[in-house]
Amino acid sequence: EGPTQLLRTEPNGTIHGATSTGLSRTYRVPKVGVIILSEDDYIASGTKLTLIREMLNTEVNGIPARSYAARSEDGRGRAELRWVTPKRSYFLTLITDDGARIEQGEQLLKQIASGITS
């Protein structure tokens, strides 16, 4: 069905005029769904983050992370992966019409995350 397509790029985090501390990118991935990658330089924004150890259930490049997936009654699925490095916070989201394959979607998010370094 073609290559992955960048649908939009939006600033996030702390926004001052034309600058921001973060960025969100939304992609359409054929036969998978929509993937959103959000990242924020939380140090630059002055944001303080609190990590709850009990919520961390996986790792990204050796860094504790939180993975979550759910299916709705209408058959759609959503998977999320969040992690924080010493400089940035990351949030990957997959939204799909094929909730039956959401576990594969979780693995795809982990694969994407493993390629992100900061």
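Seven strands form an open sheet in the order 1-2-3-7-6-5-4, with antiparallel pairing (strands are DSSP runs of E of at least two residues and helices runs of H or I of at least four, numbered from the N terminus; two strands pair if DSSP finds at least two bridges between them). The model is predicted: local features need pLDDT of at least 70 and side-chain atom pairs count only at pLDDT 80 or more, while totals for chains, interfaces and linings use all residues. Residues are numbered from 1 along each chain as its sequence is written, and side-chain values use heavy atoms, with hydrogens and water left out.

- Strand 3 and strand 7 run antiparallel and are joined by 7 bridges.
- Ile 36 has Thr 93 of strand 7 as its bridge partner.

**Helix 2**
- Helix 2 (residues 102-114) has 13 residues and reaches 18 Å from its first C-alpha to its last, close to the 18 Å expected at 1.5 Å a residue (1.5 Å times one less than the number of residues).
- Its buried residues are Ile 102, Gly 105, Glu 106, Leu 109 and Ala 113 (buried means under 20% relative accessible area, with a 1.4 Å probe and protein chains only).
- Seen down the axis of helix 2, these buried residues fall within an arc of 105°, so they line one face of the helix (the arc is that of the directions from the helix axis to the C-beta atoms).

**Packing of helix 2**
- The buried residues of helix 2 pack against strand 3 (33-40), strand 4 (58-60), strand 5 (63-71), strand 6 (77-84) and strand 7 (89-96) (contact means heavy atoms within 4.5 Å).

Technical notes:
Buried < 20%, exposed > 50% of the residue type's maximum accessible area, 1.4 Å probe, protein only.
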